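Hello,

I am handing over the structure below. My notes on a pocket and on a pair of helices follow it.

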Amino acid sequence: MRRLIPSRNLVVGAVLTAGFAGLALISFVWTPYGVTGVDIANRLKPPGGGYVLGTDQFGRDILSMVMVGARTSIAVALIAVGIGILLGVPLGLAAAARRGGVLDEVIMRANDLIFAFPSLVIAILITAIFGPSAVNAIIAIGIFNIPVFARLVRGGAIALWQRDYVLSARVAGKGAARISAEHILPNLANLLIVQGTIQFSLGILAEAGLSYVGLGAQPPVPSWGRMLAESQTLISIAPHIALFPGLAIVLTVLGLNLLGDGLRDILDPRIRKTRR
Amino acid sequence: MIPHSPTKRSLIGALLLSGLALTAYAEDEVQQQTTVTPAPAPEVDPITVTVGLQLEPPHLDPTSAAAGAIDQVLYANVFEGLTRFGPDGSIRPALARSWTISEDGLSYTFTLAADVTFHDGTAMDANDVVFSLNRARAEDSVNAQKALFEDIASVWAMGETQVRVTLSKPNGNFLFNLAWGDAVIVAPESIENIKTNPVGTGPFMFSDWVQGDQIELVKYAEYWGAPAQLDIATFKFISDPTAAFAAMMAEDIDAFSGFPAPENLPQFEADPRFTVLVGSTEGETILSTNNKMPPFDNVKVREALAHAIDRQAIIDGAMFGYGTPIGTHFAPHNPDYVDLTANSTYDPELARTLLSEAGFPDGFTTTLKLPPPSYARRGGEIIAAQLRAVGIETEITNLEWAQWLEEVFRGKDYGLTIVSHTEPFDIGIYARPDYYFQYDNPVFQEKMATLNSEADPEARSALLAELQTIISEDYVNGYLFQLAALSVANVNLIGLWENAPTQATDLTSVYWDE
């Protein structure tokens, strides 16, 4: 029965995540101010007054920037994780189905190859070669999500292939692809949801890192990482312009991590067992 | 190790007992490095200064590269030319103490300072001048400013200290040209290793270069002119504005020439330990426009650009108020400057009308490629917002300097870019159709040629006014502001240049007032 009582982690994580997702969604229809206009007369205004979180060095409202920046971060991270799942999961399923075969070897060694490189360095390489943009940031982060999901799925699937119901499905004449889709994948959903949440938070962090060094979304599209980078020399005269994008990154990543942990507590069968 | 240990121990002991050991030790080192003849007062601490700079030179030969960072360290300090720039931009005698110009303006006879030696001890005489000028103008010369020397027909040594230069046509700018860092006098004996071991005639000699960190110069005791008032000058390279701010505040450096973060200057101003020098540079900061690329080949579109831009907002927003508005490509502190800012007043309504007349009622989309300095990156975001207000969408791309030089400057693959043209008196670039903004106007080119052969000051002023007006009314580029020279220094350090008539950190008359 314990699994029906959500843990504190889960609640805090869900609230933070929902909060930022909400901000991002609201920004599509409404922000307190525009984020592409420049209003030099009102620059570096402290929080309070007409601007809840103050204004930046160009007089843009920081709350609006953070809201639209949430959109950028979430979109980049979400699509990158999507790429990882769409490509990684079939690869992992195929490797598990042909366990020990040539296909398995090829897929897993290719995964090892990608894993062998520090992800952020390669992401910087990719964006440096193909030019800095949000799309290239997505591709760069997405590529590194592929082996994560492929490995996870292969490990989980190998265990499931030994199960009796899989055996009976084989006896019934179902092919490997069909078994993978109908019997293996649904039983891996829990694992994928948990890992997806964790990868999502890493994606947000990676996007902020790339933007910070100028390789993510380009101006005037607001991005938390670039807001931080641009506030660097102003930190001693207007600390608020660094504080809020920084807080946004910290809270979103924290929220997603807590959410991921909380979901694992509920969904992961192994943890469920030990808890009982 | 063992024989050394007593010495070491005693040194540490002395160090613990008093601070004297350290100073005495440091002095010994200086003695070894600086003096050819023994210094008279060994009990005095060496007078040192540490100056922060943002950019490190790629190498140390000012006669073979356009990099201003080389002159920033070496100009006037290590290398000298026949003439030189003063702090106010005036042309002053340097190695040439006097000169006579023939009536037809074709022959210059220079009298050199006597008893001048290079830092390696060899004599500097007329032959070195002949060597330097011939090397700079030679067919295979790699001098970055070869055009400075193109009117020279011949260079003759007339004796130990007499040099005659004849020109193929009169050139009113010749003495100015010789003052550039690219025209300094070098020696055939030391030219081979100049990139790593520059040997000049200046009051400081090169001592050490720790790549990525600092360059150290020491006083040259045999200097022919007024001796330097500093014993050791260290240039530290700090590219990150935040680190520059911290180094200055911690007093790790005594001065920062060309401080990269104008937003921090009020904090220095409020601090009694520092003085802030705000002057003018030769840097015309412009919204460079690709004149050959549609729709910018239409003067109406360029005019619309000019009226869409609010200069003051850019100066305030990108430079925190430091900078002088300009309406043409000429330095406002120059006596021949004409204020043409009225040609391009901020008027978004007019800009929209002009765009409609040009056939772009709904505006258009173009590229805006930005090099690293904050005037470009910040200015770019502000300009993008201002252009968006009249319907022109810009795709901003932030580039590193190497990419910018490749794509924009050499490749001409851009619509708009922002850059500061820091060479002095560089309106001549508008007479070069192959220059990166690709402005091709025969009338301008003709007048520029007339100017170059005109020596009469009044006629020159009139021509310069015309030239400035032509490019302003042709709206060749968006003229934004003259880049301010911003330096921060210890309040007791006297004699640094306030203005920057050329890229230099002239330490020859800098001293500590204590």
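**The second largest pocket**

The volume of the second largest pocket is about 740 Å³. Please keep in mind that this is a predicted model. The pocket is lined by 33 residues, and those closest to its centre are Asn173(B), Phe176(B), Asn334(B), Phe425(B) and Arg460(B).

Three elements of chain B each give two or more residues to this lining: helix H5 (174-178), strand S12 (274-289) and helix H14 (457-473). H14(B) gives the most, with four residues. Sorted by class, the lining of the second largest pocket holds 17 nonpolar, nine polar and seven charged residues.

**A pair of packed helices**

In general, the packing of two helices is described by the angle between their axes and the distance between those axes. In chain B, helix H8 (residues 299-308) packs with helix H10 (residues 348-357) at an angle of about 165 degrees, and their axes are 8 Å apart. Angles over 145 degrees count as roughly antiparallel, so H8(B) and H10(B) are roughly antiparallel to each other. Their crossing is left-handed.

Which residues make the contact between H8(B) and H10(B)? From H8(B) they are Lys300(B), Val301(B), Glu303(B), Ala304(B), His307(B) and Ala308(B). From H10(B) they are Pro348(B), Leu350(B), Ala351(B), Leu354(B), Leu355(B) and Glu357(B). By class, the contact of H8(B) with H10(B) has eight nonpolar residues, one polar residue and three charged residues.

Regards

Key:
Residues numbered from 1 in each chain as written. Chains lettered and ligands numbered in written order. Predicted model: local features only at pLDDT ≥ 70, side-chain atom pairs only at ≥ 80, totals over all residues. Heavy atoms only, no water. Axes fitted to C-alpha atoms, helices over the stretch in contact; angles between N-to-C directions. Parallel < 35°, antiparallel > 145°, perpendicular 65-115°, else oblique. Left-handed = near helix turned anticlockwise from the far one by under 90°. Contact = heavy atoms within 4.5 Å. Nonpolar A, V, L, I, M, F, W, Y, C, P; charged D, E, K, R; others polar. 1 Å grid on protein atoms, 1.4 Å probe; cavity = no way out; pocket = protein on both sides within 12 Å on 5 of 7 lines; lining within 4 Å. Points joined across faces, edges and corners; volume = space filled by probe spheres on them.
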